[in-house]
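Hi there,

Here is the structure I promised to pass on to you.

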Amino acid sequence: MTTINALAWVSGSDAPERSIVNLGFMPLTDSASLIVAATQGFAQPYGLTLHLHRQPSWSALRDRLLNGELDAAHSLYSMIYGLQLGLGSSSPTDMAVLMGLAQNGQSINLSASLATEGVTTAEALAHRIQQSSQAPLVLAHTLPTGTHALWLYYWLAAKGIHPLEDVSTAVVPPPMMVEHLRAGRIDGYCVGEPWGASAIEQGLGVTLATTQSIWPDHPEKVLACTRAFAEQNPNTARALICALLDASRFIEESLENRRSTAQLISGAAYINAPVSAIEPRMLGQYTDGLGQRWQDEHPLRFFHKGAVNMPYLSDGMWFMTQFRRWGLLRNDPDYVGVARQVQQLSLYGEAAARVGVEVPGQPLRSATLIDGRVWDGQDPAGYARSFTLHALADAMLNPLT
């Protein structure tokens, strides 16, 4: 922590407009950098006191972010773009992505009863769906415009399963996934940790795929606020980014820091889950409940020398291409224009320079996804049209619970 420089900075014209910031978070492992920043002294050098507010669901977090109860929040990347485009809300709201908080670390899970039937691979799942005369399997995600819906749809489609026709979907808050599985209300789900590992630990589920197997080092959670908040409080937003960058870097400085962070966030005020369900996957140590163990090459990341935290334009654009693919958008948006409005590249660059984090030279990055398609942000409309485009899926947006 650069305490002396930070204190000198906040005492001058760059002093935060607000000294107290209300931060929303969901009880998920990838909220760790907010919890660490708020509780371990990373915010005070920048003139901030962070008040954490745990939320019961993504829709509750969304609503409180929009009505001003929360100043900023640990947010689903695609949820912020949905709000920008007026999806799942009464009207569009100008939003701001201040920085990335996490990459990787989500999972697609099925019930132990399906695994007992032999449904332990994507091929077996497709066969079960095609051959069954029973009611469609119910697979849950966390928000219709959320990342988990899009990872689930992408994976299913890549495996030959139509996510809008071959299965039913349900919206379930992350901490309730395991209980819904236990009660038999759902047959599987896509969610962030520790709620995949928790199902395995309790003997209720198995992990069929990680989201990093869909897109290695994919964008996931972000620190977000309304654009009005960022424009009215630029020094506060910049200081907040600095504090979160310091906390993110701290978490990844050593395995011991990751372990101590897992212990911290397991507490009842935060994730409220056993350390045994949090720590292994936070360290990249996976078991799938089917006898397989591995050290993941693309574990949950919070910093990775700043690569996690850069608000790449291409990351934001990708989620819009998937909205277009699945019928949440009738027409192509101005992909680059919208991303430039939402991604706060200047604020991030200034904060990163302040804390000595390297900023990539280009706001676009490239990746090859599970189906072999290459995404580089160069032609987002063409990329969206490379998939079968579906009619407007109003039903996917309601109800938002």
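Helix 4 (residues 77-84) packs against helix 15 (residues 335-342) at an angle of about 110°, and their axes are 11 Å apart. (Axes are lines fitted to C-alpha atoms, for helices over the stretch in contact, and angles run from 0 to 180 degrees between N-to-C directions. Helices are DSSP runs of H or I with at least four residues, strands are runs of E with at least two, and both are numbered from the N terminus.) Helix 4 and helix 15 are therefore roughly perpendicular to each other, a label for angles of 65 to 115 degrees; under 35 counts as roughly parallel, over 145 as roughly antiparallel, and the rest as oblique.

Before going on, please keep in mind that this is a predicted model, where local features need pLDDT of at least 70, side-chain atom pairs count only at pLDDT 80 or more, and totals for chains, interfaces and linings use all residues. Residues are numbered from 1 along each chain as its sequence is written, and side-chain values use heavy atoms, with hydrogens and water left out.

Which residues meet where helix 4 and helix 15 touch? From helix 4 they are Ile80, Tyr81 and Gln84, and from helix 15 they are Val338, Ala339, Gln341 and Val342 (contact means heavy atoms within 4.5 Å). By class, this contact has 5 nonpolar, 2 polar and no charged residues. (Ala, Val, Leu, Ile, Met, Phe, Trp, Tyr, Cys and Pro count as nonpolar, Asp, Glu, Lys and Arg as charged, and the others, Gly among them, as polar.)

Helix 4 is also mostly covered, with 8 of its 8 residues buried. (Buried means under 20% relative accessible area, exposed over 50%, and partly exposed in between, with a 1.4 Å probe and protein chains only.) Helix 4 is followed by Gly86, which has a positive phi near 80°.

Helix 2 (residues 32-39) has 7 of its 8 residues buried, so it is largely enclosed by the rest of the structure. The buried ones are Ala32, Ser33, Leu34, Ile35, Val36, Ala37 and Ala38. Their cover includes strand 1 (20-25), strand 2 (49-54) and helix 11 (234-251), among others. Just after helix 2 comes Gly41, with a positive phi of about 85°.

Most residues other than glycine have a negative phi, and most peptide bonds are trans. Asn104, in the loop between strand 4 (95-100) and strand 5 (106-111), has a positive phi near 65°. Lys305 has a positive phi too, near 60°, and lies in the loop between strand 12 (293-295) and helix 14 (313-325). Are these residues buried or exposed? Asn104 is buried, at 0% relative accessible area, whereas Lys305 is exposed, at 74%. The peptide bond from Glu193 to Pro194 is cis, with omega near 15°; Pro194 sits in the loop between strand 8 (188-192) and helix 9 (197-201).

Last, have a look at Trp326, in the loop between helix 14 and helix 15. Trp326 counts as buried, with 2% relative accessibility. Trp326 and Tyr154 are 172 residues apart in sequence, but 9.8 Å apart in space, C-alpha to C-alpha.

Enjoy exploring!
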